[in-house]
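Subject: Structure handover and findings

Hello,

Here is the structure for your set-up work. My notes on what turned up in it follow below.

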Amino acid sequence: PEPVAVHSILLMGGIVGLRLVENVYRSALIGLQQQVALNVVLAFAATLRGAGSWWVLANVSAGASAFFTWQLLVACVSVALFAWAVYRRLPSTGVRSGFSLEKLHAVKQFAGGVMLITGMALLLSNLDKVLLSRLLPLDVFGRYTFAATIAQAPLGLVVPIVQAFYPRFTKYWTDGKSETLVDAYHFSAQLVSVALGSAAMFVVLYGRQALRLWTGDMALADSVYVITAVLTLGTMLNGMMTVPYYLQLSAGWTSLMARANVVAVVLMIPVLLVVVPRYGATGAAWAWLALNGAYVLLVVPLMHRKLLGGERTRWYVFDVAMPLAASLAVGGLLRQFDISAYAATLQWVGLLIIGGLMLAASALAAPLVRVRIEALLRPRA
């Protein structure tokens, strides 16, 4: 009914508004390097949101209004908890904190640059889907969207790493601690390569088998595997750029990525319009891979001309190439063992073991990650 729909939309508007306020407090906790407090509140709110919704739908009302009313109440609780966590941890300066137009004006250029980068990145990540929805048959577009969803999943491994290191980058840059900044930069980059790179290599080497087991549809798995693998490689390269990007933000430098993203958008539109009609969804996947390859090959050297000069080769070799090569080598060697003849449960166990070995090899090949692992395993006196 129309009144229910209108009421639900109003509730959703309130939830969106509260989420915007919540993001301010979440960002403050990240900036204060209070990851534990952030995750405790996130976990509590997520549990309350999910379990509470189930209880409301099962015992109060199964209607949309009841569901969104509960979501709005949880959003209020979440904002209150985040606000409490932030103000409890803010350093005492003797000055009352509050909204300040003067502070906003001081960072307007930086904020504008970040908004432009984010807007262009959002457009780039969805440009292929917008155009392909017009250029491809619906069933082909559906398979491409399915593959793209899988390819984007490993990026979730990057977010916790950069959230933890971005405030450190900013502090070290502001304090002029160049050596500490260099160590943090390379360590975080290696962590990203280990987590994201090993996941991407696993998809490339074992994606077809995993898709067959997951979907139970061999025809679907075979039809989307190549697109999934290519998109995953592009997403991996995109994720590798995250640490250099946050290093630029820590230095207050937004112009490089803003210009790169604008150029990328301008180039990708005609490329997709030419490639997709001739090569279909696979052509769009290769265009995504080529775009992110250009970022890695062109933007990183330009960044290192201004920031952390002399660290470019170390980033390419030790932070990226070595962890990826180790994961690829171990995964390639293990392909000699055919586990497809076993029951589905044993195949999943085998894939988990293979993925774990690829992850371990990647971690051991990353010098700074290996040192941290050895320190954790070393017996304490």
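Where do Asp139 and Arg143 lie, and how many residues apart are they? Both belong to helix H6, which covers residues 138-152, and they sit 4 residues apart, about one turn of the helix. Please keep in mind throughout that this is a predicted model.

Salt bridges

Searching the whole structure gives 7 salt bridges. One of them joins Asp139 to Arg143, with 4.0 Å between the closest N and O atoms. The cut-off is a side-chain nitrogen within 4 Å of a carboxyl oxygen. Asp139 has a relative accessibility of 48% and therefore counts as partly exposed. Arg143, at 29%, is likewise classed as partly exposed.

Helix H7 (residues 159-175) holds another pair, Lys171 and Asp175; they are 4 residues apart, so about one helical turn separates them. These two form a salt bridge whose closest N and O atoms are 3.0 Å apart. Lys171 has 39% relative accessibility and counts as partly exposed. For Asp175 the value is 43%, which also means partly exposed.

Arg314 is bridged to Glu311, and here the closest N and O atoms are 3.6 Å apart.

A buried threonine

Thr228 is part of helix H9, residues 218-240. Its relative accessible area is 2%, so Thr228 is buried. Which residues does Thr228 contact, once its neighbours within four places in sequence are left aside? They are Ala147, Ile150, Ala151, Val203 and Leu211. Of these, Ala147, Ile150 and Ala151 fall within the residue range of helix H6, 138-152.

The whole chain

The secondary structure consists of 14 helices and 0 strands. Read along the sequence, the pattern is α-α-α-α-α-α-α-α-α-α-α-α-α-α. The radius of gyration is 23 Å, close to the 21 Å that the globule rule gives for 381 residues, so the protein is as compact as a globular protein of that length. Along the principal axes, the C-alpha atoms fill a box of roughly 65 × 60 × 55 Å.

Of the 381 residues, 42% count as buried. If contacts are limited to residues at least 6 apart in sequence, 80% of them join residues at least 24 apart. The protein exposes about 20800 Å², and 68% of that area is supplied by carbon and sulfur atoms.

For charges, the count is 27 positive and 14 negative side chains. The centres of these two sets lie 6 Å apart.

Regards

Note on methods: Residues are numbered from 1 along each chain as its sequence is written. This is a predicted model: local features need pLDDT of at least 70, side-chain atom pairs count only at pLDDT 80 or more; totals for chains, interfaces and linings use all residues. Side-chain values use heavy atoms; hydrogens and water are left out. Helices (H or I, at least four residues) and strands (E, at least two) are DSSP runs, numbered from the N terminus. Buried means under 20% relative accessible area, exposed over 50%, partly exposed in between (1.4 Å probe, protein chains only). Contact means heavy atoms within 4.5 Å. The radius of gyration is taken over C-alpha atoms; the globule rule is 2.2 Å times the number of residues to the power 0.38. Accessible areas come from the Shrake-Rupley method with a 1.4 Å probe; for residues, only the protein chains shown count as cover. Lys and Arg count as positive and Asp and Glu as negative; His and the chain ends are not counted. The place of a charge is taken as NZ of Lys, CZ of Arg, CG of Asp or CD of Glu.
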